Amino acid sequence: MERKLDITINHLPTPTWNWLHMNESTLSVPTTYQNTPIHMVVPKRIVCYEDSIRTMEQYKTGMGEDMNRLMEENTKILHIETEKGQKIKEPITLYFRGTKENTYHEIEIQAKEDSELTVIMVYNSDGKKDALSQNSSKIEDGKEVLHQGIRTKLSAKENAKIHLIQVQMLGNEFIHLNDIGGVCEERGIIDLLQIGLGSKEAYSGCQIELLGAESEVTTNIGYTAKGKQKFDMNYVINHYGKKSKSYLKANGVLQDQAFKLFRGTIDFKHGSSGSDGEESEDVLLLGDDIVNQTIPLILCAEEDVQGNHGATIGQIDDDVLFYLCSRGMTKEEAEHMLIQARIDTLCSKIPDPSVLQMIQAYREEEMKDGFTE
């Protein structure tokens, strides 16, 4: 019998609204899993190797301590490093293929002083139609749910910059766990881009520590959820360094009976004077049975800081929809075009043509699946 572990993840740093049950999430996950090979496209100048040594074990992640319990038996850690002063234009692309087994992976990425690199992670699986048909009878008929978990830790040293791009296109038989922890030293920068399209349930956690003066993190999140998909997210940015900056942006679409819970926290710690933090969310609602939950949180222990947050939540403007339909589109085609426009904005930031082709193929299959009998 498969062993299970009950975990609590995505804790809100300061619990609030207890009666809404939004402070954290609990789930039962298998502890038996495979270290399946990661297909990698790596530029020659990048140091990339696997071993069993965790060099960033002290880094905290957005999902919390229970992810340590889940990963403690993992014996392979993929390390990606730059040399000092190295600025690599070509992206490192990692492909995590969903299989018929539960799979967990750990990644450590370090950009040394005055260096820069881009890492793209693609999560996908066989069967595009399964990845898109969220009401598939295979799930309802008792098909085994599979788990894919990835924990990524980032270290941006002085004047270093890490671009991390993650694209999730798993089938609807998967539960996806995507956990991130990162540290920025003086003038270090982490630039995070995430696109979520598939999976039955997707849990994302991210915690970034801005330790150094003038350090910076930018997080751009885009997602589309339909059918009975569930997206559960927790992003925490802790400002410690003076004049540090953070930008936390989420842009999503919910359809049918989809569920989304977004927790976004910007925490100005004592000593972070002169720091700026901005948090914004834009959600498009296309259904009557959607569950859309958001907790924007700004915490402050320092006086000379500036923090802003805002949310835009609503449906497609009737005038826009009327205009598009008057040009020959059906209501469904017009909605689909507006949905894709949101993802296009993020796709324009992906520097790997092969990944863009995969996203395009996925989206074409989605449109075909949605508009053909």
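Predicted model: local features only at pLDDT ≥ 70, side-chain atom pairs only at ≥ 80, totals over all residues.
I'll start with Ser25. Ser25 sits in strand 2, which runs over residues 25–30. Is Ser25 buried or exposed? Its relative accessibility is 9%, so Ser25 counts as buried, the cut-off being under 20%.

What does the side chain of Ser25 meet? There is a polar contact of 2.4 Å with the side chain of Asp232, and another of 3.1 Å with the side chain of Arg263.

Next, the second largest pocket. Its volume is about 310 Å³. The lining is made of 19 residues, and those nearest the centre are Lys60, Thr61, Gly62, Gly64 and Gln207. By type, nine of the lining residues are polar, six are charged and four are nonpolar. Strand 15, residues 230–239, gives the largest share of this lining, with three residues.

Last, the cavities. How many of 30 Å³ or more does a search of the whole structure find? The count is three. The largest cavity holds about 140 Å³ of space. It is lined by 16 residues, with Gln168, Gln194, Ile195, Gly196 and Ser204 closest to the centre. Strands 10, 11, 12, 13, 14 and 15 each give two or more residues to that lining. The lining of the largest cavity has eight nonpolar residues, eight polar and no charged.

How values were computed: Residues numbered from 1 in each chain as written. Heavy atoms only, no water. Helix = DSSP H or I, 4+ residues; strand = E, 2+ residues; numbered from the N terminus. Buried < 20%, exposed > 50% of the residue type's maximum accessible area, 1.4 Å probe, protein only. Polar contact = N/O pair within 3.5 Å; in protein donor to acceptor, adjacent residues only side chain to side chain. 1 Å grid on protein atoms, 1.4 Å probe; cavity = no way out; pocket = protein on both sides within 12 Å on 5 of 7 lines; lining within 4 Å. Points joined across faces, edges and corners; volume = space filled by probe spheres on them. Nonpolar A, V, L, I, M, F, W, Y, C, P; charged D, E, K, R; others polar.
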